[in-house]
Amino acid sequence: MASKNFDNAKKAKADEFYTQLSDIEKELKNYKAQFKNKVVFCNCDDPETSNFYYYFVSNFDELKLKKLITTHFELDKPSYKLEYYGGADVKGDKETVIKRAIKLGQKTKLKQNFQQGSQADLFEVEPIRSYSGDFRSPECIELLKLSDIVVTNPPFSLFREFVSQLIEYKKKYLIIGNVNAITYKEIFKLIKENKIWLGQSIHSGDREFQVPESYPLKAAGFRIGPNGEHYIRIKGVRWFTNLDYTERHEDLILYKNYDENEYPNFDNYDAINIDVTKDIPMDYAGNMGVPITFLDKYNPEQFEIIALGIVGSVEFSCNKEMEILKDGKPTGKTTMNAKGTLYIKSKDKTKAAFRNVKTGEYYDSIYARILIRNLKPVHNIQRKIFSYCINDSIPLIIFINKLSLELWPYIEFATIAINTFFLIINIIFYKVFN
Ligand SMILES: C[S@@+](CC[C@H](N)C(=O)[O-])C[C@H]1O[C@@H](n2cnc3c(N)ncnc32)[C@H](O)[C@@H]1O
C-alpha cells in the first residue's frame with residue numbers, strides 16, 4: 001500500500017501548478033469569520049513557493065487564527081513541517097516573509113541532520129520522516145487530526161483520495177480542483193449529499209498558475225512574467241468547499257416558461273433537456289437534465305439534485321440497439337443505450353450521434369447532465385400574474401382586477417370583496433374620465 005501511494009505521489013509530482021495570491025484572496029474573503037480561532041493546515045504547500053502559506057502567515061492576525069501548519073511533498077529528499085503560532089513580524093513581500101519564517105523555524109539546521117526538531121518561539125520546523133510529506137502519510141494524518149480547516153490546491157491526479165481523506169476525518173476544507181471532478185462518482189455523491197459545493201469566486205473562464213521553469217513552453221496560454229517566471233492558463237478551475245457563504249443560498253432568477261417544443265424529453269429517462277442553466281423554466285415541476293456548470297448557480301433550497309445523467313448513476317428506461325454515427329454517417333458499430341448517456345430525438349440527422357437499428361430514428365447523445373428538480377416551481381397562477389406584468393404592461397387597476405379573479409378558487413371570500421371593491425373603483429374611474 002505504502003509503495004503504491006508513493007508511486008501515485010511520484011506521478012503527482014507533475015502537478016506543479018502554483019496558485020496565484022489574488023485568486024486565494026478573492027475566495028478567502030468570503031469566509032473570514034469561519035477562520036477565527038482555527039488551526040489551518042496547508043498540506044500540499046511548500047512554504048518556499050506556496051501563496052497559501054504566504055496568505056495565512058500575512059493574514060494570521062486579521063483572520064484571528066490559532067495556528068498554521070504547512071507540509072509538502074518531496075520526491076527525493078525528506079520534507080519538513082512548518083508551524084506558525086502568530087505574533088511574529090511577518091509583514092512584507094513574500095520572499096522576506098518566507099525567509100524570516102524559515103530562519104525563525106531553523107529550517108537549515110534541521111534539513112542537515114533530520115533529527116527531531118528544536119523549537120523556535122513562534123515558528124517551528126520539524127522533519128517528516130515517512131513518505132516525504134505525502135498528505136496520506138501517518139505523520140501528515142496526525143497533523144490533519146489536529147487541524148480544523150484544510151486549505152490548499154492538492155495534486156489533481158490525487159483529488160478523489162484527497163477529498164475522501166478530508167471526509168473521513170470530518171474536516172472543513174477549501175481546495176482547488178477541476179470542474180470535471182463533479183462527474184467523479186465519489187465527488188458527485190458528496191455534492192448530492194450537500195457535503196461539498198463549489199466556492200464563491202470562480203464560475204467561468206480560466207485561471208493562471210505559476211509553473212516550474214522546466215514546464216514545456218509550447219502549451220496554449222503560456223506566458224513568461226517580468227522576472228522570468230513561467231505561467232500557464234488552465235480552464236475549468238473551481239474551488240470546492242464545505243464552508244458556507246451567503247450567495248449559495250440565493251435563488252437563481254428564472255425567467256422562461258416551459259414549452260414542450262423548446263425542452264424535449266430524453267428518450268431513456270423521464271426528464272427534459274436543458275442546454276443552458278439560465279434557461280431552466282420557472283414553472284416546470286418535473287425532472288430536468290442540466291449541464292454540470294449548473295452547480296455554479298446551485299442553491300440547495302431551490303433545487304434538489306437527483307442524480308448524474310450517466311449509466312450507473314441512473315436507471316435508463318429503455319435499452320435500444322443503436323448504430324454509432326460519425327458526423328452523421330454510419331460506422332457499422334453498434335451500442336446499447338447510446339454508450340450509457342442520456343439521449344434525445346435528433347432534429348438534424350447530419351449531426352446525430354446514433355441511429356436506432358430497428359426504427360431508423362436518429363438521436364443526439366447528451367453528455368454530462370445533472371438531473372435536478374425545482375423545489376419551488378412557479379405555479380400556473382403566479383406565472384400568469386408574472387406574464388400580465390411583464391408582457392402586457394396593462395394598467396394597474398385592470399391587473400389587480402384580473403388578479404382577484406385569478407385568485408377566486410383559492411380565497412373565495414376575499415376575492416369577492418377585492419373584486420367588488422375594484423369593480424366599484426373601476427366604475428368610478430370610468431365615470432370620472434369618460
Ligand atoms: C497543484 S500543486 C499546488 C501547490 C500549492 N498548493 C499551490 O497552490 O501553490 C500540488 C502540489 O502538491 C504536491 N504533491 C504531490 N503529491 C503530493 C502528496 N502525495 N502529498 C502532498 N503533496 C503532494 C506537489 O508537489 C505540488 O506542489
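## Strand E20 and its partners

In this predicted model, strand E20, which spans residues 362-366, is mostly covered, since four of its five residues are buried. Strand E18 (residues 342-345) pairs with E20 in the antiparallel sense, and four bridges join the two. Within this pairing, the bridge partner of tyrosine 343 in E20 is serine 365.

E20 also runs antiparallel to strand E19 (residues 354-356), to which two bridges join it. Here arginine 355 stands opposite tyrosine 362 of E20. The hairpin of E19 and E20 has five residues between the strands, and in this hairpin glycine 360 takes a positive phi near 80°.

## The packing of H8 and H9

Two packed helices are described by the angle between their axes and the distance between the axes. For helix H8 (residues 159-168) and helix H9 (residues 185-192), the angle is about 40° and the axes are 9 Å apart. H8 and H9 are therefore oblique to each other, and their crossing is left-handed.

On the H8 side the contact is made by Arg160, Val163, Ser164 and Ile167, while H9 contributes Glu186, Ile187 and Leu190. Sorted by class, the residues in this contact of H8 with H9 are four nonpolar, one polar and two charged.

## Lysine 376 in its loop

Lysine 376 lies in the loop between strand E21 (369-374) and helix H11 (380-392). Is this residue, lysine 376, buried or exposed? Lysine 376 is exposed, because 11 other C-beta atoms lie within 10 Å, and a residue counts as exposed when that number is 12 or fewer. Along the chain, lysine 376 and methionine 282 are 94 residues apart, yet their C-alpha atoms are separated by 8.5 Å.

How values were computed: Residues are numbered from 1 along each chain as its sequence is written. This is a predicted model: local features need pLDDT of at least 70, side-chain atom pairs count only at pLDDT 80 or more; totals for chains, interfaces and linings use all residues. Axes are lines fitted to C-alpha atoms, for helices over the stretch in contact, and angles run from 0 to 180 degrees between N-to-C directions. Angles under 35 degrees count as roughly parallel, over 145 as roughly antiparallel, 65 to 115 as roughly perpendicular and the rest as oblique. A crossing is left-handed if the near helix is turned anticlockwise from the far one by less than a right angle, and right-handed if clockwise. Two residues are in contact if their C-beta atoms, placed from the backbone, lie within 7 Å. Ala, Val, Leu, Ile, Met, Phe, Trp, Tyr, Cys and Pro count as nonpolar, Asp, Glu, Lys and Arg as charged, and the others, Gly among them, as polar. A residue is buried if 20 or more other C-beta atoms lie within 10 Å of its own, exposed if 12 or fewer, and partly exposed in between; C-beta atoms are placed from the backbone. Two strands pair if DSSP finds at least two bridges between them.
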